[in-house]
Amino acid sequence: MSARTVHVLDYGAGNVRSLTNALSALGYASTFVTSAEDFGSADILLFPGVGNFQQAMQFLNANDYVAPLKAYIAANKRFLGICLGMQTLFEGSEECPGVAGLGIVPGVVTKFPTDSLAVPHIGWNGITARKPSPLFSKLEADSNVYFVHSFRATPSAGNQDWVLTTTNYGDIEFISSIQKGNVMATQFHPEKSGAVGLQMLRGFLEGEVVAPALPLHPFGQPAPSTKLCKRVIACLDVRSNDAGDLVVTKGDQYDVREASDGGNVRNMGKPVELCTRYYNEGADEVTFLNITSFREQPLGDTPMLAVLEASSRQVFVPLTVGGGIRGYKDDNGREWTALDVAARYFRAGADKVSIGSDAVDAAEAYYVNGRLLRQTSSIEQISTVYGRQAVVISVDPRRVYVASAADTRHHVVELQHKRGPNGETHCWYQVMVKGGREGRDMDVVELTQACEALGAGEILLNCVDMDGQNAGYDLDLISLVKKSVTIPVVASSGAGAPSHFTDVFNITGCDAALAAGIFHRKEVAIAEVKARLQADGIDVRA
């Protein structure tokens, strides 16, 4: 096997394409482990992971990989575990009590507390280096890396000799990477950490240890705390135009046709080109919303899959895709589950999937069934295999004005930031489906709380009233939802100026803010947004 070929241990969950694309960008070929014998011929082994601890260990045991994997690591051959690939090195995990890990590193992986933190821990955070490592040899400066996980390993006297870096989330310090000899693993995703992550992968692959760019803070010495950054996300609404070409469009309150152009679909550019542009301009994530997929068969939507495949070859930050993530029957009568659909999108390059109307149906069934979990909804199916962090719920509420809370059974807010058109001071937020064209007898609190219970890991919170208005986010809506769930909330709809990002972070405490039209039209640059946030004292990735 060529010295520039890397073996990848793929257990069938998560976006392995991102990692193989990163290896390719660094000039390395990759091949997958397909038998226990492959461990003996491997010179460099990567174990990526996004998903469920129990499923990963079941895969290793079922394929008789545990013994040869442990032998490979015991031989001090070059190894890099990523995310769940790191957690499996420990003795076990609270995610699946009673399921033994590989037991190479002392300790049990535990869940972040949800009483004071948004869980999963999603986004860009720093690392505190405890000792030198090849991972740091190519770094040019101290930089943030991308995390997405609900469980973490904790430093202890028993595992301190393994700890390479630590990271802080709130008041909690956790292990963000480990190393002993040539065996390394990271809780963060280098393949999703932009240029910094590629530099880390190169350092691992080349194996050099030079004077680190990161300052070292050995245990027992004072060390700075890291902070989770607020994320700035670029969103691309993708659909076919009237000529059949896949384009990025943008609507005003969900109307994407241009009145001044004969009613044609508004064309803001080509999806892959815009996605790459936003990556180069510093977007922390990119989201694709396939806004016509509810009329199509998702696995027959080869152009959208091709967009993901092409984008993931050159964009090394997280990609989310939404639209059509649901079970369906194709033209040949074959039935596909939501898990089948999600798996195909993950394999095409998506890191997270966004579920819209199907989540509303799941929430309605959840309440009808007495709030019991039946493992039948798309949310449950996908999160069980790929982990909660892989499932985003895209919510489309609109304001329904009322005189007081007594006028409706729904959760009512007294408006603090934007009154109604006739001066109304109270409203509830009705859940909409099918691109904002159909309302349901459900409010946004009911929906988001049900989806969190079913296994969702993040809320993408749109607003029909504010979409395309450039007047700022609906701060009352975002504050309401942020207080109602313990998972991260992404603000969407209405951004028109850098100050709107400062307002939404300071007033609502949301975890990320998304924009589309102002970036597409180059009215505001991502760099301008981040410069304003930094000037206003909000932590963002440079």
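Trainee: Arginine 231, buried or exposed?
Mentor: Arginine 231 is buried, because its relative accessibility is 0% and the cut-off for buried is under 20%. Keep in mind that this is a predicted model.

Trainee: Which residue forms a salt bridge with arginine 231?
Mentor: Glutamate 285 does. The closest N and O atoms of the two are 2.7 Å apart.

Trainee: How many salt bridges does the structure hold?
Mentor: The count is 27. Take glutamate 173 and arginine 130 as one of them: their side chains meet at 2.7 Å, N to O. Glutamate 173 sits in strand E12 (residues 172-180), while arginine 130 sits in the loop between strand E8 (128-129) and strand E9 (145-149), so this pair links parts 43 residues apart in sequence.

Trainee: Which residues are linked in a network of salt bridges?
Mentor: Asp361, Glu364, Lys434, Glu438 and Arg440. Within this group, glutamate 438 and arginine 440 form a salt bridge with their closest N and O atoms 3.1 Å apart. Glutamate 438 is partly exposed at 27% relative accessibility. Arginine 440 is buried at 17%.

Trainee: New topic. Which residues does UniProt list for "binding site"?
Mentor: The unreviewed UniProt entry lists Gly324 and Asn462.

Trainee: Where is glycine 324 found?
Mentor: In the loop between strand E19 (319-322) and strand E20 (328-329). Glycine 324 counts as buried, at 12% relative accessibility.

Trainee: And where is the place of asparagine 462?
Mentor: Also a loop: asparagine 462 is between strand E27 (458-461) and helix H13 (475-484). Asparagine 462 is buried too, with 7% relative accessibility.

Trainee: Which side chain joins asparagine 462 in a polar contact?
Mentor: That of serine 394. The contact is 3.1 Å.

Trainee: Sheets now. In what order do the three strands of the open sheet come?
Mentor: The order is E5-E6-E10, with mixed pairing. Strand E5 (90-93) and strand E10 (151-152) stand at the edges; each has a single partner strand, so one side of each has no neighbour in the sheet.

Trainee: How many bridges do E5 and E6 pair over?
Mentor: Three, in the parallel sense. Strand E6 covers residues 105-111. Serine 93 stands opposite valine 109 in E6.

Trainee: What holds strands together in general?
Mentor: Strands of a sheet pair through backbone hydrogen bonds, either parallel or antiparallel.

Trainee: Last one. How many cavities of 30 Å³ or more are there?
Mentor: Three. The largest cavity holds about 200 Å³ of space. Its lining has 20 residues, and those closest to its centre are Asn15, Val50, His189, Glu191 and Asp351.

Trainee: Which elements give two or more residues to the lining of the largest cavity?
Mentor: Helix H1 (16-25) and E9. The largest share comes from H1, with three residues.

Terms used:
Residues numbered from 1 in each chain as written. Predicted model: local features only at pLDDT ≥ 70, side-chain atom pairs only at ≥ 80, totals over all residues. Heavy atoms only, no water. UniProt positions renumbered as here; feature names shortened; annotations may be inferred. Helix = DSSP H or I, 4+ residues; strand = E, 2+ residues; numbered from the N terminus. Buried < 20%, exposed > 50% of the residue type's maximum accessible area, 1.4 Å probe, protein only. Polar contact = N/O pair within 3.5 Å; in protein donor to acceptor, adjacent residues only side chain to side chain. Pairing = 2+ DSSP bridges. Salt bridge = Lys/Arg side-chain N within 4 Å of Asp/Glu carboxyl O. 1 Å grid on protein atoms, 1.4 Å probe; cavity = no way out; pocket = protein on both sides within 12 Å on 5 of 7 lines; lining within 4 Å. Points joined across faces, edges and corners; volume = space filled by probe spheres on them.
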